[in-house]
Amino acid sequence: MEPRRQIGERVRRNEDARLLTGRALFVDDVRLEGMLHVAFLRSQHAHARLVRVDATAARGRPGVVAVYTAADLGDYWRPGPLLVPPPPIAGLVFNACTQVPLARDKLRHVGEPIAMVVAESRYLAEDALDDITVDAEPLPAVVDLENALREGAPRVHEHLPSNVAAHAIQRKGDYAEAKRRAHRVIQRRFRYDRGASAAIENRAVAAQWDPRAEELTVWDTTQAPIPIRNGLAQLLGLLQSQVRVVAPFVGGGFGPKIMMYYPEEVLVPWATMRLGRPVKWTEDRQENFFATTQERGQIHDAEIAVDRDGKVLGVRDVFLHDTGAYDPYGLTVPINSQCTLLGPYEIPNYESEFTAIFTNKTIVTPVRGAGRQHGVFVIERLLDFAAKELEIDRAEIRRRNLLRRDQFPVNNEILFQDSAPLTYDSGDYEPALDQALELIDYRRFIREEQPRLRAAGRCVGIGIVCYVEGTGIGPYEGARVTVEPGGLVRLATGVGTQGQGHFTSFAQIVAEVLGVDVADVRVITGDTREFAWGTGTFASRGAVVAGSACHAAATRVREKILDLASHELKAPKEDLVLAGGKVQVRGDPARGIALGALALKANPLRGAVRPGTEPGLEATAYFGPDRGSTASGVHAMIVDVDPETAQVEIKRYVVVHDCGRVINPMIVDGQIHGGVAHGIGNAFYEQLVYDEEGQLLNASFMDYLLPTATDVPHVETAHRETPSPLNPIGAKGVGEAGAIPTGALFAQAVEDALGNRNGKLEICEIPLSPNRLFELIEQAR
Amino acid sequence: MTAIELTVNGDAVRRSIEPRLLLSDFLRNDLGLTGTHVGCEHGVCGACTVLLDGEAVRSCLMFAVQADGHGVTTVEGLSDGVALHPLQAAFHEAHGLQCGFCTPGILMTLVPFLQDHPHPDEREIREALSGNLCRCTGYQNIVAAVRLACDGASTADR
């Protein structure tokens, strides 16, 4: 039997059967004897002074076990840690103000928790919320980003002189000099507004304290079970080994579940230890709209300097970033915006300045794309406007500015979110552009289709955008691979899964190295008792970083297998083949041993072992890249717009994507489909609408529209593989890619569709909606 | 408390419950059938869809007492416990699920739909799915799974 290629194959998923039959464990499914249930009383004010909280009546209600306010937390009350310290940017201003477990003297956003009720059932806990009296003096709310900076504006955090959370400038080259040389300088203002991550599973935390074993078990819908364990141990004065955090199946992450030490996440474990009974809290959808982190509010004033041929000489961008009421996640989002603007293009001179602003709105942390959308939107729209002014084709102006294959690695001279210089490891952009143009039949559409359909009165348009995505950042992940005597391979790793197919793609990597069936590699993930070192699933890094750790651990086990098998089979290692779950001497079918049998020999019950050997066929390995790997892609779409109703129908959607070496094309396609759907929602359906008092006006799925099966088109995908030199697999991340360029693409295609009718129409904002697009069409008449 | 009698996945069930108890909470908490998921509790996401006398209903929009005297089927009742139901198998083949949280509700929506429409076209499939929210898949491979379940001709790549 010859070794079989597993990496790169369309392998069906190991985890599906459990999910399809309803057997998979999600946090809200945890049911324990004597379990208590939690409901939170939350702020109804965006901004108010909290004078008094009276929970006497609630405490007296039958079925209520405890009610906690900030005053009841004692020393346990403390602001959360700064999760992501900002990179060392020269001249950086950064004010860290992190969330508190329960509001003590001030309410800073609607939905901020004030009191925690623990009762015999969730129904009773919610009943008791009505018994709590809150005296609060409303304050004017900080909502609009520009107003937030005005002299005399109300302050979200009064110990600071203003609402500035951070200010940073990053530069490459000399923009002012480039501007002087420019043939044209094009300036625009761009707006991007907030959306919800809207995982279909809301957050949940369940916890149980075992007083005999002195062990705390926490089930948490987190993307980072290990850091949660470490943080809880520290907060609760326990050893890390006394705390087990399990992120079982998680029903979609999309970023907000990487936010750590949410109030509920630190309070539920604390309560279970005080009360001696298991405690569970499950967020409801309305709470999710207020209390789960959000993203995307930015305003950019940007300009591009171009020469006569459309070559970009430089870009300057000054933007405001809404960080919400607190900034525990540091500057990841605005730095991603700043870095991703450079895209796949050669931009020799760049100046980017941002101000992050506290507002009385839900906390901002990364949501699928994590600020990259904004950067792509700004550069792509600037290129579109430059193309129009210079009368250059939109695809052509992109081609003229793309980085060439021989320019890699490309050092962009500014710092990325991981504090490393923004360096592109590898890429091959122009062929991807060509492929996308070909797949969507760009030229024929422009020359034939569009004129023909326009003549028939239709408003059809095409868009094409390019983007890069910094993925797979450090610090590190680990994995442990064990061959068991039954022949199954056990793979434990720290990163949890929220649907990305880790049970399969990680298994493929190990299966290829060890020559076993993918179904025989049992992946255990997201349980700190099984693997206790690592950070989490974020920044499109699972396959790159944890996948590489799986590869490294499997490679070490392979060495152990070869070593022992060589001894047992009395054959040199070079003659051994691992395939079909066996080690075989090449060309001699009679001489072989099953991996399970070899595992038994590696862990004998009696007798002597060779000196220097370790028991078992097991190895643990870690992988930490110096820096992230840069994925890239081109999206193209054709739309049909009804100018009377401003409805947009997406006729075709093409994605050419390069995430390096693909581990499982089926899974990669699925990631892209979902990302595009998220991006379409972001572009045309989803917007969190806050009024000037900081009240969220559409906090339900009745009013906040997620795209449905009739809104999302069939996405045609093509893969290109430019391997990353930064990891042994050659992989780059893909989890966020689909969602990143969609807003820019949508704006361009819709503008093109209406171009002959509303020539002055310029779309400089996302999200749109039929209403908003209608207004823009009217304004452009 | 109110006494109710119903059948759930073919088994007779008798319980005494509060009239305000949602059917979704009854199935999950009282009966331990946690395959039925709760995503919004206002009838939009469809994750909690179950069959009531063979018709798809949102269990978060019903009180358990309203199921008195009726037959409920949940995702746990879809396969025989050995082999996957053909629709489940098609979802596996076509990668019609990612995080899997919305999946039980989608399966329970599609089962009666496919009984009434054994050979739907893509538009009909998308219409049938339009009351269920999925944030992971972009629906594409769910559509492919349904086509595969119907005629066996389709693949995830169409």
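Chain B has five helices and five strands (DSSP runs numbered from the N terminus, H or I of at least four residues for helices, E of at least two for strands). This is a predicted model, where local features need pLDDT of at least 70, side-chain atom pairs count only at pLDDT 80 or more, and totals for chains, interfaces and linings use all residues. Residues are numbered from 1 along each chain as its sequence is written, while chains are lettered from A and ligands numbered from 1 in the order in which they are written.

Q: Why does chain B count as compact as a globular protein of its length?
A: The radius of gyration is taken over C-alpha atoms, and the globule rule is 2.2 Å times the number of residues to the power 0.38. For 158 residues the rule gives 15 Å, and chain B is close to that, so it is as compact as a globular protein of that length, with a radius of gyration of 16 Å.

Q: What share of the residues of chain B count as buried?
A: Buried takes 20 or more other C-beta atoms within 10 Å of a residue's own, exposed 12 or fewer, and partly exposed is in between, with C-beta atoms placed from the backbone. Of the 158 residues of chain B, the buried share is 57%.

Q: Which helix of chain B gives the most to the side that touches chain A?
A: Contact here means C-beta atoms, placed from the backbone, within 7 Å, and 44 residues of chain B are in contact with 42 of chain A. Helix 2 (86-94), helix 3 (103-116), helix 4 (122-129) and helix 5 (140-151) of chain B each supply at least two residues of that side. With four residues, the one that gives the most is helix 2 of chain B.

Q: Which residue stands opposite D301(A) in strand 15 of chain A?
A: Strand 14 (residues 298-306) of chain A has seven of its nine residues buried. Strand 14 and strand 15 (residues 312-324) of chain A pair in the antiparallel sense over nine bridges (pairing takes at least two DSSP bridges). Opposite D301(A) stands V318(A).

Q: Which residue takes a positive phi in the hairpin of strand 14 and strand 15 of chain A?
A: This hairpin has five residues between the strands. The positive phi, near 85°, belongs to G310(A).

Conventions: Contact = placed C-beta atoms within 7 Å.
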